[in-house]
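Let's walk through this one together, from the place where the chains meet down to the parts of a single chain. Have the 3D view open as you read.

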Number of protein chains: 2
Amino acid sequence: MSAFAELQRVMNTAADLSAAAAVLGWDQETYMPEGSVQGRADQMGTLSSVIHEAMTGPRTAEIAERVRGEMNQYPHRQQGISRAFLRDYDMSKKLPADHVEDMARTAAMAQDAWKRARAASDFSIFQPLLQHIVDLKRREADLLGPTEHPYDALLDQFEPGLTVKGLAPVFEELRAGTVELIGQIGQVQDRVSDAVLYRTYPTAEQQSVATSIISRLGFDLNTGRVDLSAHPFCTNFGNRDVRLTTRIRQNDLRSCLFGLIHEAGHGMYEQGISDDLNRTSAGGGASMGIHESQSLFWENVVARSEEFWTWAFPILRDRFPEQLAGETVRSFYCAINSMRPSLNRVESDELTYNLHIILRFEIERDLIDGTLSVADIPEVWNEKMRTSLGVVPPNDAEGCLQDVHWSFGGIGYFPSYTLGKLYAAMEWNAMQVAIPTVRQQIASGKFDEILAWLRTNIHSCGRTETPDEIIRRVCSRPLTAGDFLAYVGAKARDVYGF
Amino acid sequence: MSAFAELQRVMNTAADLSAAAAVLGWDQETYMPEGSVQGRADQMGTLSSVIHEAMTGPRTAEIAERVRGEMNQYPHRQQGISRAFLRDYDMSKKLPADHVEDMARTAAMAQDAWKRARAASDFSIFQPLLQHIVDLKRREADLLGPTEHPYDALLDQFEPGLTVKGLAPVFEELRAGTVELIGQIGQVQDRVSDAVLYRTYPTAEQQSVATSIISRLGFDLNTGRVDLSAHPFCTNFGNRDVRLTTRIRQNDLRSCLFGLIHEAGHGMYEQGISDDLNRTSAGGGASMGIHESQSLFWENVVARSEEFWTWAFPILRDRFPEQLAGETVRSFYCAINSMRPSLNRVESDELTYNLHIILRFEIERDLIDGTLSVADIPEVWNEKMRTSLGVVPPNDAEGCLQDVHWSFGGIGYFPSYTLGKLYAAMEWNAMQVAIPTVRQQIASGKFDEILAWLRTNIHSCGRTETPDEIIRRVCSRPLTAGDFLAYVGAKARDVYGF
């Protein structure tokens, strides 16, 4: 008998326990009482240790080696699943249980500290726990290595095969193109006003209209839901329980609307993963970069297009007739695509966004190779903001405390966002060839063919293929910054008229 | 070195995993999307199997036997913890992993089926899963036995040492006293009207006032919260994360108000368990009967007393001035203590409530010993309602589908409610001796001394003592129905004036 049947049991156990941990994580960010953080940290630590044991114990090791030896004879799909498992297995084997447990427990505590630090705009509240996280991540890079640069080991966890060296030329091309466009826009900056976005929009109405839009896009609310949290995220427990969160700002229409469409892009990816991959190591997104390509595809390519608002603007105006009085599809489209350097990554535009990522990439790289100390983050952050984007945060809450990622140990994650942008532009070019009427479909609020194309080409294979394999198969070439620069350049010229 | 330190690690792991399972259970009843039940069932099944393994694996077995051999030399507190662990361990050893996993998975599915069955008032939707649960429970009784009556093994899980034989005389005394009082009240039934309870009370206001009352009683909202669910419950993940749920009916003031005070009674018990017992086998209530004594103490002894409403009625009238116009403390007190046979256990009065329990006790006993088949439950339920309470449910939703307990496999649980009533009356007599001004304190909305007494005498010891030890220590004698019959008789005579 093939070892694959036994592997299924191992993967089922690990997937179920990981799903349980994800439920606890979701609960912590949404409903958990404030005074309960210590207990949750203990529970997360224990769960991660049990998952680690399930993935690396002697029985699993025996099955893993049998699978490794015989998988060449498996059917194609089982090969993909086995490969995903072995990637996780080999990585888990390198990380001792005490390290994994310490990381999980620290993350639960750090998320609480980060929240308090951000509320008080006081980096020192977060600093000791961030120091512990950086120490753990440096140890982790060491355990996973050797790699050419220690940060490579962390990048690889989110985007298999990604390295500092491989990323450098792509980021340089992107930075140069971005800086050039920012310069051109700077000369005609006042041609576009985004004032409409900052009028007063009642929060309940915002959530209601955003939820109805994501439902129309294809997010299934029968196997998903929407809640509030300090930092928006998407999590899932299998492909039939997908949770999105959003935050709503009364005086900023973007936060809930585009934030929720973004998270729904993640959510539709998870909902689109084939049932046969559920509860296996391949039952998830292929990488964080591919995941972000889905969220950014819906948020930017679709929902920041003029066609989209041809359909959606009347709906929005029905909900907010006073706030949108005098606005047109065109003026609203320009407003949501205004491009200008700003402080906040999540709320920045498509163009300047990538400079926020490059800044984080550099800080993380230097933290991990030891050339930057945690205590110096606020100062370095502000200095890099000044030289890169020309703006300086007035406080840490709006500066280096704005993102949740470090608090859960997600060092190496940020570059995925920019990869997602680059992949999304490439996918969009492929989709326009495959579905010649795609722009007209968007303009009439028809999204089923788009979703079906993403399901067939990207979602359904889960982690059975690598990001590189998916992108080459779907877009007929490897990663490039060119498609994105062409896409964003065309939009900038359209919106600003230069 | 003593094995106790190693036992601590085993208990910590088991407690953390059980807490994780409880979070998933809470989520399923409150926020989980409708279409996600299969995945949740898988997760619960896997978690229970992992917990079972943690409690019974070879390493645990070795530690357990070392603890059993040396625990006589442990300090008193460690002995109590070890005893609680060994009780769980010995019970777990008797139940094979496949049984436990099947039970957990079936329970997750059955809770969904029960909800749908109740909504449709169609027992047949629930019947196949209930049949599976009864089969599993009969097998469980067999595995845990031998006992004189197979149902004894299930009773013992909720109330250590409780048997059909031991319960019979207590229930007979209680039934006789209850029937006599019902007869006396029946002759003057129209002296009390409870119409005030069924006026229109907006749900948000109901939840708000009930939440502020439980906070005043001493339920800590910094380590607890309140949500909505189909059937009210209290669950907890350690002593610092205690979740209550309630249901609110616009035209029934009792459901949310007394329901939430009831659940807060459970919650304050869990919040009062000593920190040193957290994450051990003794970190929970001593038994379901003792647990119910706490919820019923607050719900009935405190919150259905005339003294309580001397303090609380003005608060309630401020919130609902129109609905309570013309009512007095006395008339309101009489209304909430009206006693009359009715269909619904949760909403029945203190007196007739126990007849609902005796009915369920008899049905469960007969299901387990095989003299009653699942298919016959609706008919037998209705017949017993007719002979025992003189009322017959118009449909299954108001009859045999009204309770959640069977759907999660809680067969043997119901008698705990009546034990709780009997214990609560005994505790109240002991408290009145210990705190002579207790009635005046309640009348002035002062509950801290009451809670402190319960903490010291009952909560803080967790499961380090048995229910029988606790009751004998606190009340200076063993279980009796006498205190309760005297208490409820005095109230009936006061309210109905006979």
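**Where the chains meet**

The contact draws 31 residues from chain A and 31 residues from chain B, where two residues are in contact if their C-beta atoms, placed from the backbone, lie within 7 Å. Bear in mind that you're looking at a predicted model: local features need pLDDT of at least 70, side-chain atom pairs count only at pLDDT 80 or more, and totals for chains, interfaces and linings use all residues. Residues are numbered from 1 along each chain as its sequence is written, while chains are lettered from A and ligands numbered from 1 in the order in which they are written.

On chain A's side of that contact, α1 (4-30), α2 (37-56) and β1 (224-228) each put in at least two residues. Helices (H or I, at least four residues) and strands (E, at least two) are DSSP runs, numbered from the N terminus. The largest share, nine residues, belongs to α1(A). Sorted by class, this side of chain A has 11 nonpolar, 12 polar and eight charged residues; Ala, Val, Leu, Ile, Met, Phe, Trp, Tyr, Cys and Pro count as nonpolar, Asp, Glu, Lys and Arg as charged, and the others, Gly among them, as polar.

Next, zoom in on chain A, which has 20 helices and three strands. An automatic or database domain assignment divides it into domain 1 (4-149) and domain 2 (164-200 + 211-217 + 260-496). Their centres, taken over C-alpha atoms, are 26 Å apart. Between them, 32 residues of domain 1 are in contact with 28 residues of domain 2. On the domain 1 side, α1, α4 (76-94), α5 (97-120) and α6 (123-144) each supply at least two residues, and α6(A) gives the largest share with 10 residues. That side divides into 16 nonpolar, eight polar and eight charged residues.
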